[in-house]
Amino acid sequence: MSEKTKNIRVLVVGCGNMGTSHATAYHYLDGFEICGIVSTGKSKEILNEKLGGGYSLFSDFDEALRSTQPDAVCISTYPDTHESLALKALENNCHVFIEKPLADTVAGAERVAAAAAKAGKKLVVGYILRHHPSWIKFVELAGELGKPLVMRMNLNQQSHGNMWTVHRNLMKSLSPIVDCGVHYIDVMCQMTRSKPIQVSAIGARLTEEIPAGNYNYGQLQIRFEDGSVGWYEAGWGPMMSETAFFVKDVIGPKGAVSIVAKDAGGTGKSDSVEDHTKTEWLRYHRAAINQQSEFLQEDTWISMEDEPDHQELCNREQSYFLKAIRENIDLTDHIADAVNSLRIAFACDESVRTGQIVSLT
């Protein structure tokens, strides 16, 4: 039976927020079957129970690979393990779905990309916003605003409880502007389709609970070859303000488009994974004015209230993964974009650590 018709047997590695969502997608989508679930702790038992039980559980990835001989591996672990797990999966002739970022270094990301090309296997990176109709529309409307563009984005999270534990674990290897920023850097690159030429960034370590060399608040700025500029801000922790945690704007000579998340912007929602992808409304402002300098058109409000929830977005990501395997989709650009956004994010991280502007040319 060919890969175009048979079920893809997938080994799920990592059972946190994203791993659970991806496993749920595999459980319900036609075309996939889970052949094993891997985690170092008890999360695999919790996930197995949630999915009705009966799946093979493993604490060791190498053992799981040998035992299950999967067609594909889904990697949703902490970023410092991404490269090694992906390389092992590709060495074992598996397709790979991997949560962003692709690796915890640019060189590591390039090694994974090269290994996928050498193995002739599909490598899909979890850029969830690329599958979100509201964000697709946001990028599309940006193309109507002229050039240069000004892009303003942030996602500050007043994290506490389990989410603060997750964030502290993430910051053992990466900063917020790298781990989270790759999404929004990717969006900026889609909007401009111009070469980024320079970055600068600032950061602050607001807690003793993270490694001495890291920071839990950062803000980056990017200059593009076409004159466009963008900034992104991310802060994690119980001390963060929720006053303006969600800003998503793009401005051009002809007007502006904004994502307006009225409900997600409410008190106590900034560390909710479910709310991070919510848009609710797009506000389209046109700059055209008459001889009295009054606007010719009122702002257009585009409702996105029927948008997909977080689980549906993960379902769409995995449907794309299945399509890429079955239809042999060329993922060269997809992988290049993932490496590029990570390269820009790490250049921003370098700027924070050195206090210098970093050239990308």
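## Largest pocket

In this predicted model, 49 residues line the largest pocket, and Asn17, Met18, Ser76, Tyr78 and Val166 lie nearest its centre. A pocket here is an open set of points on a 1 Å grid over the protein atoms alone, where a 1.4 Å probe fits, with protein on both sides within 12 Å along at least five of seven lines; lining residues have an atom within 4 Å of a point. The volume is about 1200 Å³, taken as the space filled by probe spheres set on the points.

Two or more lining residues come from each of α1 (17-28), α4, α7 (161-170), α9 (181-192) and α10 (273-276). Helices are DSSP runs (H or I, at least four residues), numbered from the N terminus. The most is given by α7, with seven residues. By class, the lining has 18 nonpolar, 24 polar and seven charged residues; Ala, Val, Leu, Ile, Met, Phe, Trp, Tyr, Cys and Pro count as nonpolar, Asp, Glu, Lys and Arg as charged, and the others, Gly among them, as polar.

## Packing of α3 and α4

The axes of α3 (residues 61-68) and α4 (residues 82-91), fitted to C-alpha atoms over the stretch in contact, come within 11 Å and cross at roughly 20°. The two helices are therefore roughly parallel (angles under 35 degrees).

Phe61, Asp62 and Leu65 of α3 meet Leu85, Lys88 and Ala89 of α4 (heavy atoms within 4.5 Å). This contact has four nonpolar, no polar and two charged residues.

## Basis of the values

Residues are numbered from 1 along each chain as its sequence is written, and side-chain values use heavy atoms, with hydrogens and water left out. Local features need pLDDT of at least 70 and side-chain atom pairs count only at pLDDT 80 or more, whereas totals for chains, interfaces and linings use all residues.

Definitions and conventions:
Axes fitted to C-alpha atoms, helices over the stretch in contact; angles between N-to-C directions. Parallel < 35°, antiparallel > 145°, perpendicular 65-115°, else oblique.
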